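I opened this notebook to record what surrounds the ligand and how the aromatic rings pair. The entries follow the order in which I looked things up.

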Amino acid sequence: MAINITVDNLKIPKHIAIIMDGNGRWAKSRGLPRIAGHREGAKSVRKIIKKSSKIGVEYLTLYSFSIENWKRSDSEISGLMGLLRRYLKSEIVELHGNNVRFKVIGVRDNLDNDIVRLIEDAENMTERNTGLTLILALSYGGRQEIVAAVRNIAKSAELGLIKSAAVDADVFAAYLDTAGIPDPDLLIRTSGEQRISNFLLWQLAYAELYFTNKFWPEFNEDDLIMAIENFQNRDRRFGATANDSK
Ligand code: IPE
Ligand code: IPE
Ligand code: MG
């Protein structure tokens with residue numbers, strides 16, 4: 001049954017980031033293989049993208065595969081990559097039709113060549129779309145992203161393109177995979193775990209955190225609205241005092 005909640009349309013978070021966790025446990029609790037959980041999780045992905053787009057979320061970042069997830073069994077990894085391949089082949093045209101701009105962050109070198117090509121095609125095809133920006137974090141690690149940014153800044157300095165004194169937070173952020181994307185306002189993690197797991201370490205500095213016990217395959221449109229409603233009741237102070245009028 002649909003829960004009738006009215007969200008304050010003026011306070012829709014501009015950027016929602018989600019750690020989509022609990023696919024394996026969802027499957028296990030039903031006596032199914034882990035991959036069945038990932039398959040079901042892909043259905044939640046579709047629902048949440050559609051709903052986010054509809055209510056005017058501007059950026060949605062989905063943690064789909066972490067750098068550390070390469071430690072999983074070969075069979076789980078190939079199952080996940082198979083799902084990703086299928087997703088990229090079957091969904092991008094529809095996303096494009098819905099004016100969604102598609103982007104991927106993370107270390108592409110680790111992905112199979114055909115997947116990298118599918119990602120590039122999808123990014124190019126949707127580059128000029130003006131609706132929801134959908135960002136998949138794939139083979140992504142926050143620390144690795146920060147280290148890569150530091151390395152590139154050092155390289156620019158070696159080449160005399162930048163002075164060390166010119167490096168500030170804005171310059172630094174421009175070297176991250178998320179350059180040009182505003183920081184997340186709301187981070188949602190499903191499955192009851194309350195940790196960041198190397199996700200968007202720099203960008204989450206002032207995000208509101210929301211945890212739910214639901215496993216990702218169970219997370220639906222109403223759960224998203226509930227998380228947003230919860231967000232709307234937070235008092236975001238960014239270090240200032242409430243009602244600061246400077
Ligand atoms: C999240 O679900 C999906 C990925 C990390 C790829 P998990 O696979 O981590 O599921 P649990 O945490 O084992 O239940
Ligand atoms: C985080 O979930 C990564 C993704 C959801 C893609 P994990 O299941 O890998 O995180 P840990 O191992 O519980 O911290
Ligand atoms: Mg997990």
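I counted a residue as near the ligand if one of its heavy atoms lies within 4 Å of it. The model is predicted, with local features needing pLDDT of at least 70 and side-chain atom pairs pLDDT 80 or more, while totals for chains, interfaces and linings use all residues. Residues are numbered from 1 along each chain as its sequence is written, chains are lettered from A and ligands numbered from 1 in the order written, and side-chain values use heavy atoms without hydrogens or water.

**Ligand shell.** I found 13 residues around ligand 1, with D21, G24, R25, R34 and R72 the closest. I sorted the shell into two nonpolar residues (Ala, Val, Leu, Ile, Met, Phe, Trp, Tyr, Cys, Pro), five charged (Asp, Glu, Lys, Arg) and six polar (the others, Gly among them).

**Polar contacts.** I took N or O atoms within 3.5 Å as a polar contact. The side chain of D21 places an N or O atom 2.8 Å from an oxygen atom of ligand 1. For G24, a polar backbone atom is 2.9 Å from a ligand 1 oxygen; for G22, a backbone N or O atom is 3.4 Å from one.

**Aromatic pairs.** I paired rings of Phe, Tyr and Trp (its six-membered ring) with centres within 6.5 Å, calling planes under 30 degrees apart stacked, over 60 edge-to-face and the rest tilted. This rule gave seven aromatic pairs. I noted that Y63 and F199 are stacked, because their ring centres are 4.2 Å apart and their planes at 10 degrees.

Key:
A polar contact is a pair of N or O atoms within 3.5 Å; within protein, one must be able to donate a hydrogen and the other to accept it, and residues adjacent in sequence count only if both atoms are side-chain atoms.
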